[in-house]
Every structure is written in C-alpha cells, then in structure tokens.
Amino acid sequence: MRGGAADLPPIRHNDYSPLIPPALGGWDPELPVSVIIPARGGQHRLDLVLAALAAQTYPDHLMEVIVVDDGSEPPLRLPEIVPADTRIVRADPSRWGISHAVNTGAALARGRILQRLDADMVVCREHIEALARWHHLAGYLVTIGAKRFVEEPVLTAARVHEGVRAGSLGSVLDLAGALPSSTEQTISRTDGLRASRNPYHVCTGPTVSMRREIFEAVGGLDPAVLRGEDTEFAYRLAAHGVVFVPDMAAQAAHLGLPAQRRDRDRAVRLVAPYLAHRVPLRRDLRKDRGRHWLVPYVEVVIAADGPAEPVREAVGAALDGSLGDVIVTLVAPWSRLADDRPAPDDPLFDLRLLREHFAHDERVRFADEVSPTPAPIPFRYAGPVSVPLGRDSLERMIARMQEDRSGRLVVDLGGAGVATLDRTEALGRARLLGAGHTGGTGGTGGTADANAADRADRVAASIEATHGVRRGERAEFWPVKASGARVSGGSSRPAGAPVSSEGGAPGAGASVPGRVAGPVPAALPPSSQGPPSSGAPASGQAPEQVSGPPESPARSRPRSREGRPSLLGRLRTALKN
C-alpha cells in the first residue's frame, strides 16, 4: 500500500487530475481482479451480466468472477456463457443481505483488486479494464463506473455476448433512450467529482472497485446495515482518506428502473435510520435533540494524567456544549490501575477517582494513548486541560474549517499552548501516503520521542499538501464578554458554563486566521493536539448571551461552584435578618 505512494503527486482533496491513466488497450495489466456479484434470484439477468463479463478486454488469466448466492430459491446456476474463471458460492444462511454476500465473496477472492458488480448490471467490454487501470497507478483510489437505467429488453445471453465482444453495448441495449442516474449527473456537475465536497455520496455500489487492502482496512461492508449499506461503506472509505475516481469509459446499463422511481418516499425512509446513526455528516438526519448516536460527530481528546478536578471540568465543558454529538476520550496510563488494595500514598489516586467518576458514562471512554485516527468519527479535537471548551467553540471551529475544507485548524491559546481540530479524512490520507508510519524499529526514551516528533512533522506536512492547515486566535473560538474581559478557560468557571460573544455574531471582532506557512505538529500530546474532521457543521446557533450587567464586587455574594449561594453567604443573610 505504501509502495510508490510517496512518489506520486499530491492529490488535493478529491482532485485526482495529477494522475494520468493509460489509454484503454494501450497498456499491460498486472494486477488480478476479483469480480464479486451478490445475487438473490434473477437468473436471467445474471445470465446477461455474466455473458457481458465473458467479453471483457481485461486478460482472462487476471480475472475471476465470484457469484454469491444470497439464499435464492431455486439456487442460482452457472449459465453456458461465463468468464473462464467463474464460480457460484452460497452465502452462510445464518446471515443475509448484500453486505454479507459481498463480504463472503471478498473473503474467498484471490485478486489484488476487488470489483463489486450488481447482478443486474450489463457492462461494456472495457468496463473492468477502465476501472482497474487506475489501481495500477495508486493504491488508495476507489473507482466508480458509469450507470444508466434501461427497461429490460427481451435478449439472449448469446446476443449480449456477441454485441459486447464486438465493442458496442448500444447495439444490444437502448442506451440513447436510457434514464441517466442521479450519480452521473452529480459527477458531471462537480467536474468528475474533482470539486465535490463529499464525493462518497455517489459511490452507491452497483459498480465500484478498490484494492483489497482498502476493503480490509475499513472492515468491509457492515452486515447490520440492511438499507443504504453502500453509502455507509463509502462514508467509511472517505474517512479512511481514499480518493474517489469516476470513469465514464466504464459504461454499464442497469436492467430495470431504480427503486426510487417506484416509491421515493419509502426508499428514503428505509435508509434514513441506518445512515443517521452511522454517517455523522448527514446533519439533516440528526435533528432530534438529546439523542445519542452510534457514531459521534466529534471526538474530544483530553489528557487525564493530572489533577482530577480540572479534568472533570474539561469533560463537563465538552459534553455540555452547544454541539452535543460528542464523545470524550480520556488519555492516561489506565492499564497501570490494578484492582488490588491501593496504598495510602497511592500515586494513581486521581486516576482511580476519574475512572470511577466516568466509568458508567457511555459518552466517555478510556485509552492509554491516542489512536492514529478516530475514524469513522469525522472530527477530532484536542487541547490543554487548563482551557476547557467554550459553549460553542467546537461549532465555531468546524464552521471555520468548512469554509475551505481544510484538514487542520490550530488555535493559539497563548501561554496555555494550542488547541487543534483535525479532519479524519485528512489524517487518513496522511496514513495512506505513509506519513503516519513509524520509521525504523522504534526505541525508548529519547529515541521514541524523536520518532514521534518526526512522524508528527510528516503528518502535518501531508495534511498541508492534501487538505491545508489553518491557524486561528483564541478570541474567535472562545469569545470574550461584551465588557472586553476575556472569559477564563481555567478551573474558575463551572464546567459547561455559557460563554458570551461580542456583538452576538460568531467570530465578531476576531481576525480571520490565515494559512499556515510551515508544518504544524501533527501528533501533539493529548494535552495540546487534536484529531480529524470531515463534515458539515451542525446548524448554526447564536451564541448564548449573558443577560444583565455583571454584579459589582461590593454587592456580589459568595457562591458555591454549582452557582448556589455559599454557606458563608447564607450566614450573612441570616445575620442581617
């Protein structure tokens, strides 16, 4: 996967223009391709699909076809006209669905390239070649074939094979009268997805291919997703950092009209709950307030190896912000906590308190170290414990990153250090390009620190090249009060306390951050660094305002940390009365 990747020109976002594929018929393929066809019933359509695959320009000795029968009754059979290396396997009957069938085929496949093809897609003779040629250039691409919808004609498999082998899919199917797919329209509108903000949207499954390493790295398709499984899988591919490449030379015709044409409302309703839980970028599907979702929108990383109280305040601020779709990862040597009786002077006393305090909160998890990427969570934040998040800091930071789809935002917090928000997609791309891999055999002490610093620099340089890095100032994301006094981010403010902004407008009075001139540390320690991002910000909300003027010191009363009058204040009141 890493071989040759560093020598390729950098691909900015999804603009794969620097990659020039070889001309069809003018190159020598080397990588074996496994075509995986999930199927349930539809024997006649499958016969036509296999007949077209038997006429491909891709070399026979480099192509195998695996048809996965997902419980057809009667069972599917191989017709007379098929590619040389074709077989039918039965999916495990204890599971069912397209995802299970595709995963079954992938587990049995021998090819370096996995090509998924639906059992009702009749392809042109160059289809496999057109998509596979890109994978000979780079290992982190996902290629997408063209697709049009046609009414199923009365055809024989022999007629399809003859027409496709002669080089004319249009001679056997009415492509001129075909219904264009919405994905092709989106591809055309976004310059072949080069200008698409979320190219995974069009990767809908009927014909898509990738290197085996990519498929396995993201865990294949999710059998628990019974509707919209292709979109959910494509989202995880995007978070992994891949580049989506549609190739309209890979023509194909879908036999029959799309299900959305028959009952669009029902189709949308069937998909919505699956995507709402698993695709955080679909903010339109997460409008229910107070809900907890399977995949959060932001991971907040907090170093928990210090005093317990500031950590508790930082966690409270993260969970009580205007963006509630958050999970907190507390990083500390938790594995050192034994269950035996602690000593009176236990050096891990604060860690034990924190573990018990958050052990039963599903929004908080424990880790000994920060993972390389929070995928499939699209954003990761990290900052010093001494500066808890403001009420709408995360929303402000994500909104700033979305302006140019930058991969990292670094906010200067003055003497407290920096806060960092990363886009998971950008971190994933850096890893695919080899920037996140350890050089040498590692070491201890200073050697390990040097390796980590070098890796951080390489990740930062990669993110700058592929997605861009921005810098910002604290006042823009931790707004100051109207009086001009900066809101403290320290332990004097109760966790989650509202923060006001100047003028009521996000970022009012703050300078617009510019681009980073040089590399930014990419793997800062949890106390100062944060992770990735890759989605649309939540719906904008006006920052909370502090109502009324602040109390003068002479009239203010002592108050407890929870905001109630302190014991001393109540005694003074009682004495006055």
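1. Leu427 is buried, with a relative accessible area of 6%; buried here denotes under 20% relative accessible area, computed with a 1.4 Å probe on protein chains only. Leu427 belongs to helix α12 (residues 424–432), where helices are DSSP runs of H or I with at least four residues, strands are runs of E with at least two, and both are numbered from the N terminus. Ala375 is 52 residues from Leu427 in sequence, and their C-alpha atoms are 9.3 Å apart.

2. As to provenance, this is a predicted model, in which local features need pLDDT of at least 70 and side-chain atom pairs count only at pLDDT 80 or more, while totals for chains, interfaces and linings use all residues. Residues are numbered from 1 along each chain as its sequence is written, and side-chain values use heavy atoms, with hydrogens and water left out.

3. The largest nonpolar core holds 82 residues, of which Phe244, Val298, Val300, Val328, Leu330 and Tyr381 touch the most other members. Such a core is a set of buried Ala, Val, Leu, Ile, Met, Phe, Trp, Tyr and Cys residues joined through side-chain atoms within 4.5 Å. Helix α9 (residues 308–319) supplies the largest share of this core, six residues. Apart from it lies another core of 42 residues, including Ala51, Tyr58, Met121 and Val172.

4. Leaving aside neighbours within four places in sequence, Val298 has contacts (heavy atoms within 4.5 Å) with Leu323, Asp325, Val326, Ile327, Ile377, Phe379, Tyr381, Leu394 and Ile398.

5. An open sheet of seven strands has the order β3-β2-β1-β4-β9-β6-β10, with mixed pairing; two strands pair if DSSP finds at least two bridges between them. At the edges, β3 (86–90) and β10 (243–247) each have a single partner strand, so one side of each is without a neighbour in the sheet. Within the sheet, strands β1 (residues 33–39) and β4 (residues 113–117) run parallel and are joined by four bridges. Ile36 stands opposite Arg116 in β4.

6. How many of the twelve residues of α7 are buried? Twelve of the twelve are, so this helix is largely enclosed by the rest of the structure; among them are Glu229, Asp230, Arg236 and His240. The end C-alpha atoms of α7 (residues 229–240) are 17 Å apart, which agrees with the 16 Å its twelve residues should span at 1.5 Å a residue; the expected span is 1.5 Å times one less than the number of residues. Gly241 follows α7 and has a positive phi, near 100 degrees.

How values were computed: Buried means under 20% relative accessible area, exposed over 50%, partly exposed in between (1.4 Å probe, protein chains only).
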